[in-house]
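Hello,

Here is the structure I promised to hand over. My notes on what was found follow it.

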Amino acid sequence: MAVEERIQQSLERAAEPSGTPDVRLDRVTKKFDDVVAVDDLSLEIPRGSFFALLGPSGCGKTTTLRMIGGFEEPTAGAIYLGEREVSGTPPYKRDVNTVFQSYALFPHLSIFENVAFGLRRKGTRGGILKGKVEEMLDLVQLSGYGKRKPRQLSGGQQQRVALARALVNSPRVLLLDEPLGALDLKLRKEMQLFIKRLQHDVGITFIHVTHDQEEAMTMADRIAVMNQGRIEQLGTPDELYELPQTAFVAGFLGISNLLRGTVAGPDAVRLGDGTTIRVRTGSLAGHTGDVAVGIRPEKIRPDEQDPNALPGVVRERAYIGVSTQYIVETRNGNVTVVVLNDRSGTVPHSPGDHLTLSWDPEATFVVDPMEEAE
Amino acid sequence: MSSIAVPARSRRNTLATTLGFVRRHLLTAYSILFFAYLLLPIAVVILFSFNHPIGKFNYTWQGFTWDNWRYWDGVPGIRSSIVLSLQIALLASIVATALGTLIALALVRYGFRGRGTTNILIFLPLSTPEIVLGASLLTLFLNLNVVFGFWTILIAHIMFCISFAVVTVKARLVGFDRHLEEAAMDLGANEWTTFRKVTLPLSAPAILAALLLCFAISIDDFVVTYFNSGNKVTFPLFVWGAARIGAPPQVNVIGTAIFVIAITVMLANVLVQMRRAKRVS
């Protein structure tokens with residue numbers, strides 16, 4: 001039954017007009033008792049993309065993923081895989097596969113049988129099965145490991161088995177639930193690039209859930225930043241970084257300095273201390289009254305005369321190798337500045353030094369101030 | 001006399017050496033005593049299975065013989081009591097383990113109304129004195145006008161075995177990643193296939209342990225059985241009856257046999273585990 005269902009689904013997939021999103025969420029809400037985990041969420045994930053759901057723990061990203069996988073049912077709204085509505089369909093009848101955070105490799109089965117599990121359910125046997133499994137193990141660089149048991153493999157190898165076990169079924173969508181969470185930093189970096197390359201090679205749509213902004217930015221083509229069950233902003237990594245639309249997004253992706261002020265004319269904002277600064281042309285559209293002007297730390301220069309200038313005193317200095325980070329106290333609050341150490345011989349500023357911070361108006365973004373800004 | 005000749009320092013050294021010796025071997029001595037305490041009664045049982053008693057009582061060593069082993073069922077009633085005990089233990093452990101496994105699955109996997117209460121109720125038979133269990137069951141059966149015998153014994157044994165089975169299997173299920181079952185379903189296995197291919201194989205060691213535990217508890221139960229057996233005689237009841245008029249050495253023979261079988265099963269298990277560990281490393 002399930003087998004025919006799946007074959008039917010792959011036929012449908014082939015017949016769909018191009019441009020049909022692989023996954024579509026239409027006003028999906030999920031409540032656990034009275035707690036709203038996902039709140040009226042609509043989302044389209046284009047075919048073949050590497051899509052990240054990024055957010056702090058409890059933002060609803062994993063719940064969203066689990067609803068796509070069929071492990072949770074939405075309280076309201078509909079989920080489509082291609083043109084087919086899948087609400088109420090159990091996981092084994094959905095054309096998606098999941099890489100679990102814990103990998104969830106079957107400890108009683110060999111690596112070969114782990115990877116073969118999905119194919120066997122579809123009735124694949126004999127030489128075809130063997131060929132497909134070995135081809136997949138080869139793809140994740142684990143050929144020759146087929147006879148081992150999961151516990152005989154390292155964390156990184158287990159992770160690759162989990163990928164192989166899911167991808168061997170050529171699903172419409174691969175779901176990755178914090179897949180790198182259990183790995184150490186170095187291995188995590190390697191696996192990020194490995195998975196990105198893998199996605200490029202197999203061309204399957206990946207949906208990746210993570211709380212690590214750097215990981216999302218490294219791997220994904222498009223990122224949806226989630227907060228409290230809603231999508232705060234959806235875009236490419238550079239859009240999200242350069243032009244965050246909310247204070248939450250600005251704070252979640254990288255460090256950002258938010259200066260509070262009020263709108264004081266076209267492209268001008270008066271800060272708390274009376275200083276008027278210029279912002280990027282047109283960025284005040286839709287804003288009135290209180291706003292927050294954001295500047296990324298690496299875009300602020302000490303002691304240079306860009307149009308916007310703010311005097312301050314160095315409070316802390318941290319040398320991070322490639323750059324030096326300063327915390328500068330100004331009358332509008334503390335500002336983080338990052339200076340690249342690309343010229344030898346420059347004298348670093350010391351705590352207590354007075355300096356003027358300056359930046360290009362085009363490097364700013366404007367968001368609504370957060371309710372309780374710290 | 002010579003102690004006077006020994007210098008004070010040397011004497012102190014001797015004392016220190018003695019103390020050191022005691023300190024080093026205290027644990028060994030304690031362990032030997034501990035095991036002697038545990039094993040001596042069993043050793044006596046085994047030894048007296050080879051005794052050739054004069055008269056009714058098998059309490060003093062009279063001489064060695066193989067006769068008790070050769071004619072292990074030479075006492076009227078002993079054979080049928082053993083057969084009954086084996087039947088009850090086998091059936092009770094299978095039924096209790098099957099039910100217990102399902103209860104454990106429900107308790108670990110599903111959040112349902114009354115789960116907390118069920119958890120407490122499961123522990124109740126474990127903590128209730130057997131004499132209370134037996135007497136209550138007797139009252140119940142009497143009120144239901146049930147004929148006492150094989151079935152009442154079986155029902156009683158299943159009842160007190162279930163809790164042990166639940167606790168044993170639950171411990172295992174709690175320890176394993178519930179994403180494993182989701183992974184199976186994710187890979188196209190429906191509920192039944194998931195149970196067959198993932199849940200069951202992974203719980204198998206715990207289920208086997210529960211089976212053995214239930215068997216062991218059932219086969220030597222006396223108190224509950226005594227209340228609910230009617231005119232049927234299980235092996236423990238037989239021993240109790242025989243003890244009043246002087247237990248024959250055949251009782252020791254059966255006791256020894258059970259002990260040897262249990263030890264053999266245990267050693268085999270240890271060997272299998274060791275071999276498996278070696279293969280992994």
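Helix 8 of chain B passes helix 9 of chain B in a right-handed crossing. Helices (H or I, at least four residues) and strands (E, at least two) are DSSP runs, numbered from the N terminus.

Which residues make the contact? From helix 8 of chain B they are B:Leu180, B:Glu181, B:Ala184 and B:Met185. Helix 9 of chain B answers with B:Thr194, B:Lys197, B:Val198 and B:Thr199. By class, this contact has 4 nonpolar, 2 polar and 2 charged residues. Contact means that C-beta atoms, placed from the backbone, lie within 7 Å. Ala, Val, Leu, Ile, Met, Phe, Trp, Tyr, Cys and Pro count as nonpolar, Asp, Glu, Lys and Arg as charged, and the others, Gly among them, as polar.

A word on provenance. The model is predicted: local features need pLDDT of at least 70, side-chain atom pairs count only at pLDDT 80 or more, and totals for chains, interfaces and linings use all residues. Residues are numbered from 1 along each chain as its sequence is written, while chains are lettered from A and ligands numbered from 1 in the order in which they are written.

Now the interface. 16 residues of chain B are in contact with 21 residues of chain A. Helix 8 of chain B supplies the largest share, 6 residues. That side of chain B divides into 9 nonpolar, 4 polar and 3 charged residues.

Next, chain A. An automatic or database domain assignment divides chain A into domain 1 (2-95 + 171-241) and domain 2 (255-367). Their centres, taken over C-alpha atoms, are 36 Å apart.

Chain A has an open sheet of 5 strands, in the order 15-19-16-17-18, with antiparallel pairing. Strand 15 (301-302) and strand 18 (333-340) stand at the edges with a single partner strand each, so one side of each is left without a neighbour in the sheet. Strands pair if DSSP finds at least two bridges between them. Strand 16 (residues 308-319) and strand 17 (residues 323-330) of chain A run antiparallel, joined by 7 bridges. There, A:Glu316 stands opposite A:Ile327.

Hairpins in chain A:

- Strand 11 and strand 12: 4 residues between them, with A:Gly265 in the turn at a positive phi of about 105°. A:Thr262 has A:Arg270 as its bridge partner.
- Strand 12 and strand 13: 4 residues between the strands, with A:Gly274 at a positive phi near 100°. A:Arg270 stands opposite A:Thr276 here.
- Strand 4 and strand 5: 2 residues between the strands, with A:Gly82 at a positive phi near 65°. A:Tyr80 stands opposite A:Glu85.

Best wishes

Definitions and conventions:
Contact = placed C-beta atoms within 7 Å. Left-handed = near helix turned anticlockwise from the far one by under 90°.
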